[in-house]
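Thanks for coming, everyone. Let me put the structure up, and then I'll walk you through it.

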Amino acid sequence: MYGKIRRKKGKKSMVKEKVTLNNETGLHARPASELAKIAMKYNCEINLIVNDKKINAKSPLSIMSAGIKENTEIEITCDGENENQALKEITEAFENNFGE
């Protein structure tokens with residue numbers, strides 16, 4: 001974990017945090033589905049930034065097709081309603097390796 005960053009853009013704000021994927025099998029089908037399920041609970045835009053590529057965290061297929069491997073640095077961005085709660089739950093899921 002590298003810490004949270006909050007930036008202002010007009011009246012909106014965005015929270016983001018960098019994590020490193022520790023799951024030795026990467027973000028394959030099960031953890032990608034778990035991540036998308038968590039993200040879909042929140043009414044905000046949630047993206048993963050990996051190697052300068054923006055990935056919709058609410059789409060398991062987008063997550064899996066990104067081919068995210070172990071030890072990859074991922075920036076999680078949440079923008080909108082409940083963004084802080086969304087970021088907290090998603091970073092906790094990464095810390096717990098999605099239960100694997």
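Start at Val-50. Its opposite number in strand E4 is Lys-53. Keep in mind that this is a predicted model. Strand E3 and strand E4, residues 53–56, are antiparallel, with 4 bridges between them. Further along that pairing, Asn-47 has Asn-56 of E4 as its bridge partner. The hairpin of E3 and E4 has 2 residues between the strands, and there Asn-51 adopts a positive phi near 50 degrees.

Now the other pairing of E3. It runs antiparallel with E5 too, over 6 bridges. Here Ile-46 faces Cys-78 of E5. How much of E3 is buried? Of its 7 residues, 5 are buried, so the strand is mostly covered.

On to helix H1, residues 29–40.

Which residues of H1 are buried? They are Pro-31, Ala-32, Leu-35, Ala-36, Ile-38 and Ala-39. Those residues cover an arc of only 160 degrees around the axis, which puts them on the same side of H1. Lys-37 and Met-40 are on the other side of H1, and they are exposed. What does the buried side pack against? Strand E3 (44–50), helix H2 (60–65) and helix H3 (83–95).

Next, the core. The largest nonpolar core has 27 residues. Those with the most contacts inside it are Leu-27, Ile-46, Leu-48, Ile-74, Ile-76 and Phe-94. Which elements give two or more residues to this core? Strand E2 (12–20), H1, E3, strand E5 (73–80) and H3.

Take Ile-76 as an example. Leaving out residues up to four places away in sequence, Ile-76 touches Val-15, Lys-16, Glu-17 and Val-19, among others. Its contacts also include Asn-47 and Leu-48. Leu-87, Ile-90, Thr-91 and Phe-94 are on that list as well.

Phe-94 brings me to the rings. How many aromatic pairs does a search of the whole structure find? It finds 1. The partners are Phe-94 and Phe-98, with ring centres 4.9 Å apart. Their planes sit at 70 degrees, so the pair is edge-to-face. Are these two buried or exposed? Phe-94 has a relative accessible area of 2%, so it is buried. Phe-98 is at 8% and counts as buried too, because the cut-off is under 20%.

Last stop, a glycine. Gly-26 lies in the loop between E2 and H1. Its relative accessible area is 0%, so Gly-26 is buried. What does Gly-26 touch, beyond residues up to four places away in sequence? The answer is Leu-21, Pro-31, Ile-68, Lys-69 and Glu-70. Look at Glu-70 in that list. Gly-26 and Glu-70 are 44 residues apart in sequence. In space they are 4.9 Å apart, C-alpha to C-alpha. Pro-31, also touched by Gly-26, is one of the buried residues of H1.

How values were computed
Residues are numbered from 1 along each chain as its sequence is written. This is a predicted model: local features need pLDDT of at least 70, side-chain atom pairs count only at pLDDT 80 or more; totals for chains, interfaces and linings use all residues. Side-chain values use heavy atoms; hydrogens and water are left out. Buried means under 20% relative accessible area, exposed over 50%, partly exposed in between (1.4 Å probe, protein chains only). The arc is that of the directions from the helix axis to the C-beta atoms. Contact means heavy atoms within 4.5 Å. Two strands pair if DSSP finds at least two bridges between them. Rings of Phe, Tyr and Trp (its six-membered ring) pair if their centres lie within 6.5 Å; planes under 30 degrees apart count as stacked, over 60 as edge-to-face and the rest as tilted. A nonpolar core is a set of buried Ala, Val, Leu, Ile, Met, Phe, Trp, Tyr and Cys residues joined through side-chain atoms within 4.5 Å.
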